[in-house]
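Q: Got a structure to go through. Can you put it up and take my questions as they come?

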Amino acid sequence: MTIIFERIKTAIGPEMAGPGLAFVAVVLVFGIASPQFLSAATFGSVAFQLPELGLLTLAMLLPILTGGLNLAITFTANLAGLTLAWVLKANGGADAGFDIFLVGSLLAVMVGAASGIVMGLVIAFTRAHPILVSLSMMIFLRGLGEFLTRGGDISGFPAFVGVIGHGSVAGIPVPLIVFVVCVLAWHLLLGRTKLGFNTYMIGSNLDATRYSGINTRKAIVLVYTLSGIMCAIAGIIMLARFNSVRIGHGESYLLITVLACFLGGVNPFGGFGRVIPVFVALVVLQLLSSGLNLVGANQHLATAVWGILLVGVMILRWVVSRIKISIVRRGS
Amino acid sequence: MGLDSMHQSASAASTDKPLLSLRNINMNFGGVKALKNVSFDVRPGEVHCLAGENGCGKSTLIKVITGVYRPAEGAVIEYEGETYSHMSPVTAQDRGIQVIWQDLALFPEMTVAENIAFHEVLGGWPRLVDYGRMRRIAVDALARLGVTLDVDLPLKEYAIAQRQIVAIARALVGEAKLVFMDEPTASLTQSETDHLLEIVRSLSASGVAVVFVSHRLAEVLEISSRITVLRDGALVGVYPAAGMTQSKITELMTGKTFDQHVRARPRDDQPVVLDVRGLTRPGQFEDISLTVRRGETVGITGLLGAGRTELALALFGMLKPVSGTISIDGREVRFGSNREAIAAGVAYLSEDRLSLGLIQPQPIADNLVIASLRKILSGGLLSEDRKRSLVSRWIADLGVKIGHQADAISTLSGGNQQRVAIAKWLATDPKLLILDSPTVGVDVGARAGIFDIVAKLAESGLAIILISDEVPEVYFNADRVLHMAQGRIVGTYDPRQSRLEEIEAAVYA
């Protein structure tokens, strides 16, 4: 019995408290404020908007867990999208077949991976700060992208691309399916693989991890490569959603992905954090903006409320930890 | 010099009214009684040692005296003839009570002068920093200690021993009358320690009372005139240092008796596991040849900086030797990384448990399995069940006291952490286990437990290299003792034939 309880406790983890409470609060507040909130329409809009931010957040999560950061996520996604767009345009544009789309997607993933490998190698071997390395990569990719597109939009894709961005399978939006599959993949990666284990250990103490016989350089390169691949998947979904590619699409998501990780209980210095609480945190952010939309608030105000929510959660977490400490002191 | 200096410091302590006197000190944290009716007094200009195992209440007592904690009702604190029911940090500092914590609380990026004098030159109007005055204060304070350092260099340019001196200098700037030193020699070599003890003596001679907290009982006996022993938050007693012995203090601290005997026994009939010939890495170690047999414990001692750790790291594949050979079980090996060394059966327990040996914030279980992850794989994925059972087995085998496997390793005591660190390496099925200073930061009582484990491992056939700068540790626990100095092996001793004093004289010369 206690073993089962312990298992549930470890499966949920202490990180779940913040996003879990926020989820309940948002559903309650908007459920009362607006009768339309608890409807299929709300969940439909959340389901379509969630994946873009969500995939980029997954891309941000791994580097943060190692104690790093990947500031190049949005432009890596753009460049990957651009690669796919280029393959489609070069092979018939609106008439391109699905096989061309697959080839293009594969190339896009390779571009994303390449961006990650380069950053990972530089970070692992020079031990330069990930913020500086990924910032350099971000500026490089933005410049490269703007040079290639001359700052314009690229559009005119086959019709099935729109289906990927807006269609549903058995009532579930395709982007959401892609996102959920990626969440589960990350969950498995972090919880059950050696790389995931090493990611947490590196985040807490890189040198001690190296002294324990872990190939920390390889792990760091892999982490940034996987981050780049996840950016590419986000880039492909963004292409399908907007039916176009433009350098700078989704740029405003960059810092929100960092905050979504923290809202999901990820330690900003690395070493601790789980995927599922981050997923719930993302759902909360989307529900919040949909809810505000429903009660007639300005779209820009929604972003401001996100900021307030995040600060609120940080304060709440501090209060909870104070209470815990006083309980422990009294208890023992 | 030991006896001589003991008399000196004993005579320096006067027997007039105490400078500080505490009565009825009780301190409760929740339901835990950290201090039980403790009394304590310090005479002007004496060197007084506060002894006890970790968690016995030493730090709590210091924090009561310096005003960090407020003791329970009924406490009486008399300092320089005035009576207080509790201190405040400001009063304590104003009245000349200073503490040098083990972590020193210095600013590595700032200059020596800034570290020593920033407190003095802050405040006042205009709020500008007078760098000239700052330098003068710093130079004066260092001169009082008979030390010259470049006060304009950032502190991080100096080694830990000099930083310790900077911390003492800072304490002196505030016109200290009573200085607490928390484990000041923990990371110093013998000659640095001797220098520090010299400074403590001159402080005492100039009328400053010093309360010394240290694990190293030899220096406690050498420097102090009186010893206050605490155990489990209660006062065991106050004893004059003259006539005390290390084993007697240990008994008082732990409430147990330990008999130390030479464990060495012949292992010449066993096959050679490690065979090192002419191993050289210029500037770190040179022309090292040694063998370790199955079931044999080879002790390596010598001062810090003698190249012991560098040699160990070379055997562990983390430093590349320039010339010479390493053979394991008769096969020559060249390690490109510590992963290859681990695969070949070499394990290395780091001397720096806090930052290299264990990953402090992470769970006990994860720290234990990190070097042997392949053992908990099931179908290519890590298995929680396998991890739990592997960890449970080792925890039971090595008698580690833990709450829950998922607790952070930092919640354990030094001795229990070290047991987990040993288990982590045993889980890799090593042939050769290198223990680099395995008792650093481990209580006296728990040290015996660690060496019992080492003896059992040797009995089971493991080849062990035991590195320590405390000669008695290798003398009593190794089958052979190698003395390293300036990167070379300069002496080999058999504990059954040599006397401890003989080896100590050679090492500390």
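**Strands and helices**

A: To begin, Arg281(B) stands opposite Phe285(B) in β12(B). This is a predicted model, where local features need pLDDT of at least 70, side-chain atom pairs count only at pLDDT 80 or more, and totals for chains, interfaces and linings use all residues. Residues are numbered from 1 along each chain as its sequence is written, while chains are lettered from A and ligands numbered from 1 in the order in which they are written.

Q: How many bridges join β11 and β12 of chain B?

A: Six, between antiparallel strands at residues 272–281 and 285–293 of chain B. Strands are DSSP runs of E with at least two residues, helices runs of H or I with at least four, numbered from the N terminus; strands pair if DSSP finds at least two bridges between them.

Q: Which residue in that hairpin takes a positive phi?

A: Gly283(B), near 90°, in a hairpin with three residues between the strands.

Q: Switching to helices: at what angle do α15 and α16 of chain B cross?

A: Roughly 15°, with the axes coming within 9 Å. Axes are lines fitted to C-alpha atoms, for helices over the stretch in contact, and angles run from 0 to 180 degrees between N-to-C directions. α15(B) and α16(B) are therefore roughly parallel to each other (angles under 35 degrees).

Q: Which residues of α15(B) meet α16(B)?

A: Gly414(B), Gly415(B), Gln418(B) and Ile422(B) meet Ala446(B), Gly449(B), Ile450(B) and Ile453(B). Contact requires C-beta atoms, placed from the backbone, within 7 Å.

Q: And how many residues does chain B put into the contact with chain A?

A: The contact takes 22 residues from chain B and 22 residues from chain A.

Methods. Parallel < 35°, antiparallel > 145°, perpendicular 65-115°, else oblique. Contact = placed C-beta atoms within 7 Å.
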